[in-house]
Structure formats: C-alpha cells, structure tokens
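Reader: Please take me through this structure in questions and answers, one part at a time.

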Amino acid sequence: AGIPSSPNSPAPEQPFLSISVTDPVKLGNNVQAYISYRVSTKTNMQEYRGLEKIVIRRYSDFVWLHERLTERYKGIIIPPLPEKSAVEKFRFSAEFIEVRRRALDVFLNRIAAHPILRQSDDLKSFLQADEDSWVVEKSRTAEGVFKKKPSDFMQIFKDVQSKVTDVVLGKEKPLEETSEEYEKVKHYVTELEDHLGEAQKQSYRLVKRHSELGQALAEFGKSVKSLGGCETGLLGKAFGELGNRAELLSYKLQKQAQDLLMNFEEPLKEYVRTVQSIKAVLSDRAQAFRQQRELFEASKLKEINLEKLRVVRPDKVGEAEIDYRETKLQSDEANRRYEEIVKVMQQEMVRFQEEKTRDLGAVFHEFARGQAQLANDTAEAWKVLASQLDAWSHQSAGKAVESSA
C-alpha cells in the first residue's frame, strides 16, 4: 500500500495536451504556392520535451500525420482532415484560409483528446521535430505502394486481375460479415451519412441566404439614402434613417452569415467527413474478416491434406506439416487482428456517439441563440424606425393643417 497523502498536499496535476494552429502565411508563387501554419503545443506530459513548443507545418504535413495514424491504428476512427480543394488552393481567399486553419486546429485537438492517439510517436514528431529532423522523419517513414519493387507491382496486378475475373464470372463472391452487430453499425452509418449530408446542404443554403439578404439590404440602404438626398425636410430625414437601418441590418446579417459558416456549416461538414472515417474503419474490418476466413479455410484444407499424407505419402508429411503450421500461425494472427479491430471499433462507436451528441448539441444551441439574437436586433431596428416615422408623420400632418388654415 502507498503512503496516504496529506489532506493539505496539492492534488496531482492532470495531464493535458493543448494545441493551436495559427498564423497562416502564404509562401511561394503560382503553382508552387502553399500555406504554412504555426502549430503551438502546451503540455505537461512527460513524453514531450518541455512545456511549450512551436513548429511550422504545411497542409501536406497534416496529411502525413493522418496517413500514419490511419495505417497504424486499425479500428480507431481517425479524425478527418479538411478536403483539399484544387480551385481554392490557387485562389487562397481569406475565407478559405480561415476555414482550413480552423479545421486543422480541430483535427489536431481531436487527436490530442483521444486516449490512444495522443500517445502516438508520430503525433509527438509532428508537434516537436524541428525543420531538419522533420524532413528526416518524413523520409524515414515514407512507406506504401510507391516503395514496392516492380515485381511486387506485377504480383498485385495479377492478384487483382484474378479476383476481378472470378467475380465477373460468378466464381467468387466476396466474403462479408453477417453478424447482427455489424449490420446494425452499417445501417446506422448509412442513415447518419444521409441525414448529416442533407443537414449540411441546407446549412449551406442558409448561409448563402443570409449573405445574399445582407448584400441586398446594403444596396437597398444606399439607394434609399440617395433618394432621401433628393428630398427636403422630414421626408428626406425619413429616407435617410431608413437607409441607415437597412445598412445596420445588412452588417448584422453578413456577420451572422460568417458565424453560421464557421460555427454551424463547418462543424456539420466535419461530421460528414468523420462518417467517411467510420466507413474506412468498416472497410478495414471487412478486409480483416475476409483474411481471417480465407486463412482459416486454407488452414483447414492443409490440415486435411496433412492427415491424408500420413496414410498415403509418409515421405511428404514433414514438408506438409511445416506448411500447415505456417498457415495455422497466419490464421491465428489474422483472427487476432480481426477480433482486435472489432473490439476497438465497438469502443470507438460508443465514444463517437457521445462526442457527436455533445458537439452537435452545442452547435444547434449556438445556432438557435444566434438566430434569436438576429431576430431581436431586426425587430428592434425596425421598431425604432417605426416610432420615428410615426413622429415625423404626425409632424407633417400638423404642418399640413396649419398651412391649410
């Protein structure tokens, strides 16, 4: 048993890992142009060197981190990156840069909040390596299809060609898991993708509507003020004040459109992308299931063949026994990988649903609050104008009576 701590002794500090992506800077020109970001890390975790660290990273570095995590952590829902838009890449609009900066910030902090991903050596390298070390690290870990030898490419091509031919001719149907839990997850993901996609599409229309209405009010305000300049007395003042109110509401609507983009549409888009990450996990699970079943069947066939050889060809038993044991080991390993993916994915889906409920609840609450505030501002602006117009109308009516008398 440990020594009990004194009631007056300070509680042990909870580990934290806080990351911010700031200061986007455009570098290079034309096709070679790209945006660099300042990535600042604050942490008390002992695995990190020091409490604070600042590095400069570009979008391709974030892609490297995403690919490494996807490769290493099968079954885990890897936070998604913002999509790469070829059109916007060359325009580098201020809105595009800010939207991407925010999305990259969310990406890193979701990783930092994950109990497993936050321990990743790749994340530590990304957050801490200086420029020279970072280049070395990326070169050292460069793996994948482009590192394969030509002979490997030919074998991959033959395997794929053979599989395609078998499926086309009806010789083979892909093995697919049929468990109730798996089917339930697939159905949930399909429905979630449809509903989130529709919500995100409508949020885009809402942002566009606010923006267009704001622009229309601004133009209306200018035209009414110009009209007021042609009038004298109370009518000129009325037109001028109407124009002022329209311009004020135009500003509020434009600001509301920007808030909706950043705090409503973009979070929904991030969850649409997260669904794609879940589908990638489902794909890994399906592949692991097929490997498990294929190796299990191969192992069984070789076991049966071994038993036959013991009777008819004892001289071949040694070689067949080695072959069977190797296949059995591969089968056991494939089964272990599959079961691990299933276990991790089940935990991840629970975590995802809890996170989604919390995040989208906050998003919709903020949306409702913003709409209520805009409605109040709009009503107040027209209310003030209406009272002023009433006063001017009474004054005009009084002057008309005096002149007629």
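**Overall makeup**

Reader: Among contacts between residues at least 6 apart in sequence, what percentage join residues at least 24 apart?
Author: Contact here means heavy atoms within 4.5 Å. Among the protein's contacts between residues at least 6 apart in sequence, the share that joins residues at least 24 apart is 72%.

Reader: What kind of model is this?
Author: Residues are numbered from 1 along each chain as its sequence is written, and side-chain values use heavy atoms, with hydrogens and water left out. Local features need pLDDT of at least 70, side-chain atom pairs count only at pLDDT 80 or more, and totals for chains, interfaces and linings use all residues, since the model is predicted.

Reader: In what order do the elements run from the N terminus?
Author: Helices (H or I, at least four residues) and strands (E, at least two) are DSSP runs, numbered from the N terminus. The protein has nine helices and three strands. From the N terminus on, the order is β-β-β-α-α-α-α-α-α-α-α-α.

Reader: What percentage of the residues is buried?
Author: Buried means under 20% relative accessible area, exposed over 50% and partly exposed in between, with a 1.4 Å probe and protein chains only. The protein has 405 residues, and the buried part of them is 35%.

Reader: Which residues does L65 contact, leaving aside neighbours within four places in sequence?
Author: Beyond its neighbours within four places in sequence, its contacts are F107, L108, I111, D122, L123 and F126.

Reader: Which residues of α4 are buried?
Author: α4 is mostly covered, with seven of its eight residues buried. These pack against β1, β2, β3 (52-58), α1, α3 and α5 (131-140). The buried ones are D122, L123, K124, S125, F126, L127 and Q128.

**Helix packing**

Reader: Are α3 and α8 oblique or roughly parallel to each other?
Author: Axes are lines fitted to C-alpha atoms, for helices over the stretch in contact, and angles run from 0 to 180 degrees between N-to-C directions. Angles under 35 degrees count as roughly parallel, over 145 as roughly antiparallel, 65 to 115 as roughly perpendicular and the rest as oblique. α3 and α8 (residues 233-312) pack at about 50° with axes 11 Å apart. The pair is therefore oblique.

Reader: Is the crossing of α3 and α8 right-handed or left-handed?
Author: A crossing is left-handed if the near helix is turned anticlockwise from the far one by less than a right angle, and right-handed if clockwise. Residues in this contact include V99, R102 and V106 of α3 and L261, E266 and Y271 of α8. The crossing of α3 and α8 is right-handed.

Reader: Are α7 and α8 roughly antiparallel or roughly perpendicular to each other?
Author: The axes of α7 (residues 180-229) and α8 come within 7 Å and cross at roughly 165°. The crossing is left-handed. By their angle, the two helices are therefore roughly antiparallel.

**Single residues**

Reader: Is S250 buried or exposed?
Author: S250 lies in α8. Apart from residues up to four places away in sequence, S250 touches G214, L217 and A218. Because its relative accessibility is 6%, S250 counts as buried.

Reader: How far apart are the C-alpha atoms of S20 and R102?
Author: S20 lies in β1 and, at 27% relative accessibility, counts as partly exposed. Not counting residues up to four places away in sequence, S20 touches R38, V39, S40 and D105. S20 and R102 are 82 residues apart along the chain, and their C-alpha atoms are separated by 9.2 Å.

Reader: What is the phi of D23?
Author: D23 is in β1 and counts as partly exposed, at 44% relative accessibility. Although D23 is not a glycine, its phi is positive, at about 50°.
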